[in-house]
Amino acid sequence: MEQQTGSDADVIIVGAGPTGLLLAGDLARAGVSCQVLERRGEESNLTRAFAVHARTLEILDARGVGDDLAATGAQVGGLRLFGRLEIDLSRLTTRYPYVLVTPQYNTERVLAARAQQLGVEIVSNADVVGLHQDADGVEVDIRGNDGDRSARRAAYVVGADGVGSTVRKAMNLSFPGKSAVQSVILADVRLRTQPAEVLTVDAAGDGFAFLAPFGDGWYRVIAWNRRRQLPDTSPVDLDEIQHIVKSVLGTDYGMHEARWMSRFHSDERQVTSYRQGRVLLAGDAAHVHSPAGGQGMNTGMQDAANLGWKLAAAVHGRGPEALLDSYQSERHPVGRAVLRGSGLLLRLALARSWASRLLRTLLKGTAGRLGLVQPQAAAAVSGIAISYPAAAGEHRLVGHRAPDLPLVQSGQGPRRLYEALRPGKFVLLSHHRLPGLPEFWRDRVISVTVEDTVPANAVLVRPDGYVAWASNEADPRALEVGVHEALAHWDGNHQGSQERY
Ligand SMILES: Cc1cc2nc3c(=O)[nH]c(=O)nc-3n(C[C@H](O)[C@H](O)[C@H](O)COP(=O)(O)OP(=O)(O)OC[C@H]3O[C@@H](n4cnc5c(N)ncnc54)[C@H](O)[C@@H]3O)c2cc1C
């Protein structure tokens with residue numbers, strides 16, 4: 001579809017964080033003109049998030065940049081919490097059986113480079129101060145760094161502008177929830193002695209401490225002291241961090257230099273509706289929770305992957321209205337689950353009540369030993385277990401993540417499913433090439449063949465890597481009709497499709 005007359009872009013994204021950048025690349029890949037407005041004037045040097053989980057790396061792999069990001073940090077195959085509770089990631093069936101520890105700016109660099117290669121305009125020094133929508137589009141008010149004001153218009157606007165989201169506030173959307181933890185200290189430090197575990201986490205007395213290596217000599221430290229609760233603006237010094245770490249872990253591992261220190265508080269909040277007309281929210285703008293479990297950035301990027309192809313279909317005038325609404329029905333429950341899970345982990349870590357301390361002690365003593373938390377915990381933490389609801393009567397694969405299956409190769413074609421997903425289209429997997437389909441849906445579907453190991457005769461994978469439809473039907477004509485109906489449901493009817501089916 002042509003860009004609307006009088007519009008600057010089909011979609012304006014507010015915020016060039018991980019969520020906005022991934023979404024921008026996906027929209028551009030789908031032929032949607034897209035601008036990102038960013039308040040900052042320079043590249044981010046933020047190291048807030050440092051854990052990139054397996055599912056996020058898979059999503060990046062399906063965009064051709066998973067291995068690029070994986071090369072930037074330390075790959076940690078297991079998590080050990082509170083001394084004994086182990087989560088083994090190395091057995092996950094994925095190309096990335098670990099958590100990647102890398103500063104957030106590396107993730108943003110990889111995503112920004114991809115978005116720009118695909119033609120996205122990232123406008124810096126563009127502080128969005130307000131917006132209003134009408135029946136045809138959304139107008140965004142911008143303040144430049146010298147205070148000058150301007151406006152831009154698009155068919156849709158996505159607020160990926162973080163926890164303080166101006167877009168959310170401009171839409172008068174409340175952000176219900178509560179404050180979870182105050183005065184958490186965050187720093188990147190150097191150590192003289194390498195800890196025995198790759199990730200070191202424990203809680204003792206009135207404190208909590210966490211250490212993780214970036215792989216380049218710097219370590220991320222998170223420290224908290226119940227007896228020293230100060231506002232975010234209070235300065236932090238290395239002595240305070242050393243003191244907490246020593247009191248919890250028994251040593252500070254010769255901590256000596258810090259490149260970055262900060263004190264923050266964390267809230268648990270989620271907006272009720274991720275969509276209001278032509279305005280959508282994603283990432284921290286829609287949900288925020290404690291950093292325990294390292295889920296925030298991962299969840300935001302996965303919001304973007306879920307939204308991108310649906311919004312592109314809406315812009316192209318193709319997707320049914322319900323498709324865009326499914327962003328809310330699929331991603332809101334995931335955000336809620338992350339909020340609860342990270343909240344539980346945080347409360348266990350910072351436990352004060354005797355009951356919570358007892359539970360933590362029990363977890364230390366028994367769960368790790370008995371393997372009670374394996375392998376479900378690994379699948380949950382890594383994001384591999386995330387799935388979306390299927391309608392009654394649908395094939396059992398529907399809504400689940402499609403694993404990166406090897407393909408029966410033809411010529412220069414893709415060798416595995418996540419390579420086939422890189423153009424951002426649906427992928428039809430079948431044991432034998434289905435006649436008729438590739439021609440008919442040529443612009444939207446890539447048809448590939450897989451070994452007989454797939455538990456269905458045909459599987460249609462959505463552009464975001466989840467199963468849209470599957471069938472055990474043996475008759476090729478019945479399969480063809482099934483695929484058509486699934487595509488009409490997920491992608492809207494294509495010209496000519498009505499006459500044929
Ligand atoms: C201590 C800490 C540790 C964390 N560790 C992890 C971790 O290990 N793993 C993990 O997954 N997550 C972690 N998180 C959470 C993670 O940092 C966030 O979830 C993530 O940054 C959210 O990405 P986003 O793109 O949605 O928002 P942001 O990263 O906040 O990006 C929003 C962007 O919008 C811009 N912006 C804001 N307002 C405007 C405006 N009005 N106009 C224009 N631009 C605007 C901002 O400048 C910013 O660039 C951690 C968070 C904290 C605080």
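Arginine 269 touches Phe175, Pro176, Gly177, Lys178, Ser179, Ala286, His287, Val288 and Leu339, leaving aside residues up to four places away in sequence. Contact here means heavy atoms within 4.5 Å. The model is predicted: local features need pLDDT of at least 70, side-chain atom pairs count only at pLDDT 80 or more, and totals for chains, interfaces and linings use all residues. Residues are numbered from 1 along each chain as its sequence is written, and side-chain values use heavy atoms, with hydrogens and water left out.

Arginine 269 sits in strand β16 (residues 257–270). Strands (E, at least two residues) and helices (H or I, at least four) are DSSP runs, numbered from the N terminus. The C-alpha atoms of arginine 269 and leucine 339 are separated by 7.8 Å. Along the chain, these two residues are 70 residues apart. Arginine 269 is partly exposed, with a relative accessible area of 22%. Burial follows relative accessible area: buried is under 20%, exposed is over 50%, and partly exposed is in between (1.4 Å probe, protein chains only).

The protein contains 14 helices and 23 strands. Of its 501 residues, 56% are buried. Its accessible surface comes to about 21000 Å². Carbon and sulfur atoms account for 51% of that surface. Accessible areas come from the Shrake-Rupley method with a 1.4 Å probe; for residues, only the protein chains shown count as cover. Among contacts between residues at least 6 apart in sequence, 69% join residues at least 24 apart.

Two strands pair if DSSP finds at least two bridges between them. Angles run from 0 to 180 degrees between N-to-C directions; axes are lines fitted to C-alpha atoms, for helices over the stretch in contact.

Within this sheet, β20 (residues 426–430) and β22 (residues 458–461) pair in the antiparallel sense over four bridges. Valine 427 stands opposite valine 461 in β22. Leucine 428 has leucine 460 in β22 as its bridge partner. On the other pairing, β22 and β23 are also antiparallel, again over four bridges. Here leucine 460 has tryptophan 469 in β23 as its bridge partner. β22 and β23 form a hairpin, with five residues between them. In the turn, glycine 465 has a positive phi of about 90 degrees.

β22 is covered on both faces. Ala458 and Leu460 are buried on one side, and Val459 and Val461 are buried on the other.

Helix α4 (residues 104–117) has 14 residues. From its first C-alpha to its last, α4 reaches 20 Å, close to the 20 Å expected at 1.5 Å a residue. The expected span is 1.5 Å times one less than the number of residues. α4 is mostly covered, with ten of its 14 residues buried. Among them are Tyr105, Val110, Leu111 and Ala112. Gln104, Glu108 and Arg114 in α4 are also buried. Just after α4, glycine 119 takes a positive phi of about 100 degrees.

Helices α2 (residues 54–61) and α7 (residues 296–315) pack at an angle of about 40 degrees. Their axes are 10 Å apart. The crossing is left-handed, a term for a near helix turned anticlockwise from the far one by less than a right angle (right-handed if clockwise). Arg55, Thr56, Ile59 and Leu60 in α2 meet Asn298, Met301, Gln302 and Ala305 in α7.

Most residues other than glycine have a negative phi. Asparagine 125, although not a glycine, has a positive phi of about 55 degrees. This asparagine 125 is in the loop between β8 (121–123) and β9 (127–133). At 29% relative accessibility, asparagine 125 counts as partly exposed. Asparagine 172 has a positive phi near 60 degrees. The loop between α5 (166–170) and β12 (177–190) holds asparagine 172. At 70% relative accessibility, asparagine 172 counts as exposed.
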